[in-house]
Amino acid sequence: MRELQNLLNVSYATVNRGIRWLAANEYVNLKGGKEKTIVLNLEGRALWEKAKTQMTSPIEFTAHTPELWLGEKGLISGENALAEYTMYNGGPYRVALYKKVYEVIKKDVFWDPYAEAAIEVWKYDPKLLSDTGTADKFSLYLLLRDNPDDRVQIELENMINEIQW
């Protein structure tokens, strides 16, 4: 639990609650006494298919700004991230930022509700799951799965199908 707490940069209580929920819903088994080992009950595609229905978008809220320098603070997100992984052409400029980063920079940014560019303030640090400068595929799927554009839906499925499980 402590290892996960440090890795994810969240409280021990949050990790403990999350692991207990995963165990209660039969995603994992806990082995051992005081020092526990987490064992996945499913792996790869089977785990994804079971879990995705209970997962939500990583976005807490979106804030619009014309200030594109914010891209240095986060990851490419939204339809432009989908374009990085697939044949999709992209869309409005979006940057994924962890809410703790947003809290630090929000006073230094010009916010414009009519700007096309935006930051997506995420519930967790998007950089934990990606080292490419682009939001990870699983978070991106959760973010865009309700997009009404058929082209986006086709490319999301292509992206997931190309993962080496």
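Begin by selecting Trp122, which is buried, with a relative accessible area of 0%; buried means under 20% relative accessible area, exposed over 50% and partly exposed in between, with a 1.4 Å probe and protein chains only. The model is predicted, so local features need pLDDT of at least 70 and side-chain atom pairs count only at pLDDT 80 or more, whereas totals for chains, interfaces and linings use all residues. Residues are numbered from 1 along each chain as its sequence is written, and side-chain values use heavy atoms, with hydrogens and water left out.

The structure holds seven aromatic pairs, where rings of Phe, Tyr and Trp (its six-membered ring) pair if their centres lie within 6.5 Å, with planes under 30 degrees apart counted as stacked, over 60 as edge-to-face and the rest as tilted. Next, select Trp21 and Tyr27, a stacked pair with 5.8 Å centre to centre and 20° between the planes. Trp21 is partly exposed at 41%, whereas Tyr27 is buried at 5% relative accessibility. Return to Trp122 and Tyr124: their planes stand at 70° and their centres 5.5 Å apart, so this pair is edge-to-face.

Now show Lys50, whose charged end sits over the ring of Tyr27, 4.5 Å from its centre (the criterion is NZ of Lys or CZ of Arg within 6 Å of the ring centre and within 35 degrees of the ring normal). Arg2 likewise lies over the face of Tyr12, 4.3 Å from the ring centre.

Finally, select Trp48, Phe138, Tyr141 and Trp165, which ring pairs link into a cluster.
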